[in-house]
Amino acid sequence: MEVDIEKYEAENFRKLDKIIAQYKEQRGMLIRILQKSQEVFGYLPLKVQAYIAEKLDIPISTVNGVVSFYSLFSQEPQGKYTVSVCLGTACYVKGAQEILEAIKKELQIDVGETTMDNLFTLKATRCIGACGLAPVITINDDIYGRLTPADIPSILYKYTSADKKARVTH
Ligand code: FES
């Protein structure tokens, strides 16, 4: 199925208008609006930030300041799956660096990058509070622990093949 990008984008901006209207009067509304907008667009490109600034009648520097400050916001397109490798002390001691290297090799990307097919984004994180399972990675909401580099290809393959199946059944 071919996607009409312009139509898709116009639809997203209509959703953004609704979000702004819904949260405009609330306290802490900027963060809320940015969170919801990121859910719609997948990330927060500059044109979305500019649109929000204009609608709220605030400087774009204020909006960009918030987006840049909080790590939950992204200004770059993100993959469907975010692979986060914990580099906290416990994980580091148990070989997190080797896990990270195995993922980089498998996906052919570096930390902060997204694969060409937009399926995976690779991130390094601090302790996620699952030290007993070190070394730990998360892929979206899934947690994998006590890993060795040899586990990585099959774990990633689960997501690659799930995505293929999803595309075939749609
Ligand atoms: S150091 Fe990795 S979960 Fe705590």
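Among contacts between residues at least 6 apart in sequence, 59% join residues at least 24 apart. The model behind this value is predicted. The protein has 170 residues, and buried ones make up 36% of them. Its secondary structure comes to 7 helices and 4 strands.

**Overall layout**

- From the N terminus on, the elements run α-α-α-α-β-α-α-β-β-β-α.
- The C-alpha atoms fill a box of roughly 50 × 40 × 20 Å, taken along the principal axes.
- The accessible surface is about 10900 Å². Carbon and sulfur atoms account for 53% of that surface.

**Two domains**

- Domain 1 covers residues 5-69. Domain 2 covers residues 81-169.
- The C-alpha centres of domain 1 and domain 2 lie 30 Å apart.

**Helix α1 and N12**

- Helix α1 spans residues 5-23, and N12 is part of it.
- N12 has a relative accessible area of 4%. The cut-off for buried is under 20%, so N12 counts as buried.
- What does N12 touch, leaving aside its neighbours within four places in sequence? N12 is in contact with V40 and F41.

- Helix α3 spans residues 46-56. Its buried residues are V48, Q49, I52, A53 and L56.
- Seen down the axis of α3, these buried residues fall within an arc of 135 degrees, so they line one face of the helix.
- An α-helix has 3.6 residues a turn, so residues three or four places apart point the same way.
- On the other side of α3, L46 and E54 are exposed.
- Just after α3 comes D57, which takes a positive phi of about 60 degrees.

- Helix α4 spans residues 60-69, and F69 is found in it.
- Is F69 buried or exposed? F69 has a relative accessible area of 65%. Exposed means over 50%, so F69 is exposed.

- N12, in helix α1, is buried at 4% relative accessible area.
- F69, in helix α4, is exposed at 65%.

Methods: Residues numbered from 1 in each chain as written. Predicted model: local features only at pLDDT ≥ 70, side-chain atom pairs only at ≥ 80, totals over all residues. Heavy atoms only, no water. Helix = DSSP H or I, 4+ residues; strand = E, 2+ residues; numbered from the N terminus. Buried < 20%, exposed > 50% of the residue type's maximum accessible area, 1.4 Å probe, protein only. Domains from an automatic or database assignment. Contact = heavy atoms within 4.5 Å. Arc of directions from axis to C-beta. Areas by Shrake-Rupley, 256 points an atom, 1.4 Å probe, with all protein chains shown as cover.
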